[in-house]
Amino acid sequence: MPAFTPPPLPSDDKRWKIVNGTMRKNGFARHALIETLHTVQSSFGYLDDDAIRFVARSLRVPLSQAYGVATFYHHFSLKPPGKHTMTICTGTACYIKGTDKLVAEAEKHLKIPQGQTTKDGNISLMTARCVGACGRAPVVLTDGELVGQMTSAQMLEQLERWAVE
Amino acid sequence: MTIEELDQIAESTRAEYAKFDNEINVCMGTGCLSQHSDQLKDALAKAVAAQGKNAFVRRTGCMGLCAAGPLVLVDPDETLYQHCNASHADAIAASLGGAPVAELQCDLREHFEQQVHVVLENSGHIDPEKIDDYIARDGYQALVKALTEMAPNDVIQQITISGLRGRGGGGYPTGLKWGTVAKAGGDLKYVICNGDEGDPGAFMDRSVLESDPQRVLEGMAIAAYAVGASKGYVYVRAEYPLAVSRFTNCLRDARRRGLLGNNICNTPFSFDVEIRLGAGAFVCGEETALIASIEGKRGQPKPRPPYPAVSGLWGKPTLINNVETFANIAPIIRNGGKWFASMGSERSKGTKVFALTGKITNTGLVEVPMGIKLRQIIEGIGGGVPDGHTFKAVQTGGPSGGCLPAEMLDIGVSYDALVREGAMMGSGGMIVMDDTSCMVNVARFFIEFCMTESCGKCIPCRAGTAQMHAILTRICDGRGAMEDLDLLVDLCATVKETSLCGLGMTAPNPVLSTLKYFKNEYIDHIVHKRCPAGVCNMQAPAAASELEVLA
């Protein structure tokens, strides 16, 4: 069997080298698909068509399988995130402490449903299935930073701050 | 590494700390870190240096009482301070050697005294990023003992005697599982640690991985020796970045100390572990789905048998246990299976860690002997429902569990008792609800969770949960009919009996348990068009989500 040569990097963007590094570390094994997509997501912020194609070809995984995995897991996003992200935890403890109202208020304030980004690309409104900080419910992540016992006033203030930046 | 070398490390670490008059432990678990306990720790270190105190400031894992965080524990006096921030550092440092800072002191002795810590014995006492801290508290004694003094069968026998059952929720006897994997043929076997703690409202595994990662690794290594595996995987949720980083660090340290890698303790036993990140799929907590995920595929479960113990990861015999199960292994080997079996109830041995959250005063992690009454956990250790509200229900077992009313508070917590009453142990989430929670809405919340988390492979789960959600939404919106209740019970039975994996089989539990104990609330919604808790908007038009389902 001829030796497998991985495809060339899509561009000279340095981040592709990081992605390639993950695959190389795993010997370009097929089971490294999720690991590699994690690297793409953390390097680029989301998975675009080019990235999925490149990873699928490098790992010799059918494109359908790579796309299936990318869409199966909630952690992977196929759309670029906003400049800022407000992630509201909707786990049970947070729900009992009224997080559904936080979501409704944020949706009203930003005029977008959860899971979307404002038209100007500034703020993404996401929900999470429990971040495991239930002792501090209700919890939100503002740009990845965990804030516990969030009130709607506090949350709206943060959204205002981001809007005028 | 020999037992003598291990003792020497422990001795010298203890001697190093003994030089200090005081040890100041600062909780740096996720809960307290979110309130900047890292800044508090730095401020304390500065204050101690500035005041010339002979004290050591240590980063530790979770101390359990998340409600009162950030927490600081000053040893040897065991003074616990609550709600600390960097501005309190000077006062705490100044109090060393004198009277404690009264206004910060946390006076919750009864909260801690009613607990028994086995899994959490080191949490809050050691630096989770220092392997020597773990060794100084008898860490790795069990692994060295197993490798040098015990045959693999002896190890399995001790686990069997201990009566330990899987802490992930199923409650399968651990010794039996290990025995099956050990008997399976083939020279390549795997050990997997299931850290895909997807139950919302549960954070025991996160806390153990963050606070005492070496304990989990030691448990895995002992398991690998017992069943004859040489490779392990730890599957952790990507939502737990701190747990991932602390476990990564733990692996590196263990390799450096020769406790992981080739020929551990100069024996033929070799074992190495890799971390695999979850990607946000609840179903991956199911063992065959988790295996598919490690193989780089979509996390869809497979029919069992064959069980992973016979044909698991890449078709090889695989042992899968939960984080908390592995965390129990080292103390069992150290103290013997009989010691473990002396705790707990008839058929549920040992202790269990619960995440106590919701409408309860002392939110956080507690570890109690099995068999303890629910009332003691909620009213005693948990401090009851705050703000003058009354207790309505406690939900155990996450989306697969059930809601138990006040009348059930006197049952003892064990695998069998909870299942008998329509709930389940689950991984250990315990969410308390008061009179402001609507039980119909709660049932809808859980079904919505299972509906969105259903992997879509089998129809009962995929379509059944969607239909149940549509009915519950109808009832919540005041458009329900009494026939809907029969339909719900019918659907529940179908989904329960015919789903492929645990997700579908247990998804109806929240509906069935609320129907059993809170049927009057359903009737209020349907007949009187009112929501007793004032949660549901009874005149709401058909929700968009329901229309989507029907379309």
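User: What makes the largest nonpolar core a core, and which residues have the most contacts inside it?

Analyst: This is a predicted model, where local features need pLDDT of at least 70, side-chain atom pairs count only at pLDDT 80 or more, and totals for chains, interfaces and linings use all residues. Residues are numbered from 1 along each chain as its sequence is written, and chains are lettered from A and ligands numbered from 1 in the order in which they are written. A nonpolar core is a set of buried Ala, Val, Leu, Ile, Met, Phe, Trp, Tyr and Cys residues joined through C-beta atoms within 7 Å. The largest one here has 222 residues, and B:Leu44, B:Ile222 and B:Ala223 have the most contacts inside it.

User: What does B:Ala223 touch?

Analyst: Leaving out residues up to four places away in sequence, B:Ala223 touches B:Trp178, B:Val191, B:Leu319, B:Asn321, B:Phe326 and B:Ile329. Contact means that the C-beta atoms, placed from the backbone, lie within 7 Å.

User: Which residues of α3(B) are called buried?

Analyst: B:Ser37, B:Leu40, B:Lys41, B:Ala43, B:Leu44, B:Ala47 and B:Val48. A residue is buried if 20 or more other C-beta atoms lie within 10 Å of its own, exposed if 12 or fewer, and partly exposed in between, with C-beta atoms placed from the backbone. They sit on the same side of α3(B) because they cover an arc of only 165° around the axis, taken from the directions from the helix axis to the C-beta atoms. Turned away from that buried side is the face with the exposed residues B:Ala49 and B:Ala50. The cover over the buried residues includes β1 (22–27), α2 (30–33), β2 (55–60) and α4 (89–95) of chain B.

User: How do you know what span to expect for helix α3 of chain B?

Analyst: The expected span is 1.5 Å times one less than the number of residues. α3(B), residues 37–50, has 14 residues and reaches 20 Å from its first C-alpha to its last, close to the expected 20 Å. Helices (H or I, at least four residues) and strands (E, at least two) are DSSP runs, numbered from the N terminus. Just after α3(B), B:Gly52 has a positive phi of about 65°.

User: Why is B:Asn263 called exposed?

Analyst: B:Asn263 has 10 C-beta neighbours inside 10 Å, so it falls in the exposed class. Its phi is positive, about 45°, although it is not a glycine. You'll find B:Asn263 in the loop between α12 (241–256) and β7 of chain B.

User: And what class does B:Asp138 get?

Analyst: Partly exposed, because 16 other C-beta atoms lie within 10 Å. B:Asp138 is in the loop between α6 (131–136) and α7 (141–149) of chain B, and its phi is near 70°, again positive in a residue other than glycine.

User: What makes β7 and β8 of chain B edge strands?

Analyst: The open sheet has four strands in the order β7-β6-β5-β8 (chain B), with parallel pairing. β7 (272–277) and β8 (318–322) of chain B each pair on one side only. The pairing test is that DSSP finds at least two bridges between two strands. Five bridges join β5 (residues 190–195) of chain B to β8(B), and B:Asn194 has B:Asn322 as its bridge partner in β8(B).

User: Which peptide bond in chain A is called cis?

Analyst: The one from A:Ala137 to A:Pro138 is cis, with omega near -10°. A:Pro138 lies in the loop between β3 (123–128) and β4 (140–142) of chain A.

Key. Two residues are in contact if their C-beta atoms, placed from the backbone, lie within 7 Å.
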